[in-house]
Amino acid sequence: MTPARPTKRQARAIRLGPRSLLALALVSAVGVAGFGWPFLAPPASTLNAHAQDAPWLFAGLLVLLVAVVAATISESGLGPKAVAMLGVLAATGAALRPIGAGTAGLEPMFFLMVLSGRVLGPGFGFVLGSVTMFASALLTGGVGPWLPFQMLAMGWFTMGAGLLPGADRLRGRAELCLLAGYGFLAAFAYGTVMNMAGWPFMSALASNISFSPDAALPTNLARFLAYCLATSLGWDLGRALVTVVLTAVLGTPLLKALRRATRRAAFEAPVTFADASR
């Protein structure tokens with residue numbers, strides 16, 4: 001009986017070290033506060049008195065923290081080969097976004113982020129998601145106080161795909177089902193957290209579903225749920241379905257192409273120099 005060959009460990013463009021993990025944890029913690037402060041701050045908090053200003057403050061802080069995370073991760077192994085692949089994938093994602101942006105949530109860039117994060121790992125995924133969203137904002141003119149939140153949310157979205165189990169062994173239909181399921185749920189999660197970033201601005205526009213600084217947590221949760229159902233459910237569903245369909249149709253060839261490119265780039269291969277004295 002022939003023994004089974006050991007599975008070759010999948011290469012990663014970036015290996016997360018302790019400093020990178022600490023930076024990611026820091027920016028994620030601030031991001032949670034930035035997105036969820038309407039639910040985290042008690043009604044008597046002075047932060048609620050500045051409901052219109054708080055998103056701007058968190059956006060400015062997130063810009064600095066995302067830059068710190070990118071710099072820290074780059075020290076953990078973002079070499080020239082990884083930078084080249086990052087540029088290609090970010091440019092592709094940025095070009096895909098305007099194809100359906102604003103049309104019932106038809107955003108094909110999300111499936112590319114899922115597959116790229118799966119192949120290249122969570123560290124590369126976080127940087128790729130953030131850079132892609134920044135590039136697409138420059139391309140479409142979508143720069144504003146919401147951009148840092150979009151960058152962080154997309155970084156989480158793509159990083160999550162790199163954290164899914166079975167990266168070295170799971171292949172074929174089972175892997176596509178896993179990625180499609182993740183893409184479906186994460187597309188809704190992305191829309192929900194982005195709603196949190198814009199919801200406090202609705203106070204003067206829709207009193208029944210807007211954030212109320214004086215209301216209790218259950219009341220604001222009910223208002224937020226109504227806001228999501230009224231404003232973004234159709235877009236989130238469209239984004240989720242497009243991600244599932246594209247993953248099912250194009251997932252296999254794209255995963256093979258990404259893995260082939262990763263092997264040829266040999267991100268983890270040590271650099272050696274010939275001895276010129278011989």
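Analyst: Buried means under 20% relative accessible area, exposed means over 50%, and partly exposed lies in between (1.4 Å probe, protein chains only). This is a predicted model, where local features need pLDDT of at least 70 and side-chain atom pairs count only at pLDDT 80 or more, while totals for chains, interfaces and linings use all residues. Residues are numbered from 1 along each chain as its sequence is written, and side-chain values use heavy atoms, with hydrogens and water left out.

User: Why is M159 called buried?

Analyst: The relative accessible area of M159 is 14%. The cut-off is under 20%, so M159 is buried.

User: Where does M159 sit, and what does M159 touch?

Analyst: M159 belongs to helix α5. Helices are DSSP runs of H or I with at least four residues, strands are runs of E with at least two, and both are numbered from the N terminus. Leaving out residues up to four places away in sequence, M159 touches L24, P122, G125 and F126. Contact here means heavy atoms within 4.5 Å. P122 is 37 residues from M159 along the chain, yet their C-alpha atoms are separated by 4.2 Å.

User: What makes L185 exposed?

Analyst: L185 has 59% relative accessibility, and the threshold is over 50%, so L185 counts as exposed. L185 lies in helix α6, residues 173-198. From L185 to A240 the sequence gap is 55 residues, and the C-alpha to C-alpha distance is 7.2 Å.

User: Why do T219 and R171 get the label partly exposed?

Analyst: Both values fall between the two cut-offs. T219 is at 38%, so T219 counts as partly exposed. R171 is at 36%, which means partly exposed as well. T219 is in helix α7, whereas R171 is in the loop between α5 and α6. R171 and L255 are 84 residues apart in sequence, with C-alpha atoms 9.7 Å apart.

User: How do you know how many disulfides there are?

Analyst: By search of the whole structure, which returns zero disulfides. The test is a pair of cysteine sulfur atoms within 2.5 Å. In general, a disulfide is a covalent bond between the sulfur atoms of two cysteines.

User: Why are α1 and α5 called oblique?

Analyst: Helix α1 (residues 18-40) and helix α5 (residues 147-162) pack at about 125°, with axes 11 Å apart. Axes are lines fitted to C-alpha atoms, for helices over the stretch in contact, and angles run from 0 to 180 degrees between N-to-C directions. Under 35 degrees counts as roughly parallel, over 145 as roughly antiparallel, 65 to 115 as roughly perpendicular and the rest as oblique. About 125° falls in the rest, so α1 and α5 are oblique to each other. The contact includes L24, V27 and F35 of α1 and L152, W156 and M159 of α5.

User: What makes α6 roughly perpendicular to α7?

Analyst: The axes of α6 and helix α7 (residues 217-231) cross at roughly 115° and come within 11 Å. That angle makes α6 roughly perpendicular to α7. T192, N195, M196 and G198 of α6 meet F224, Y227 and C228 of α7.

User: Which crossing is left-handed and which is right-handed?

Analyst: α1 and α5 make a left-handed crossing. α6 passes α7 in a right-handed one. Left-handed means that the near helix is turned anticlockwise from the far one by less than a right angle, and right-handed means clockwise.

User: What is the overall picture?

Analyst: The protein has eight helices and zero strands. Of its 278 residues, 46% are buried. Among contacts between residues at least 6 apart in sequence, 81% join residues at least 24 apart. The accessible surface is about 13,900 Å², with 70% belonging to carbon and sulfur atoms. Areas come from the Shrake-Rupley method with a 1.4 Å probe, and for residues only the protein chains shown count as cover.
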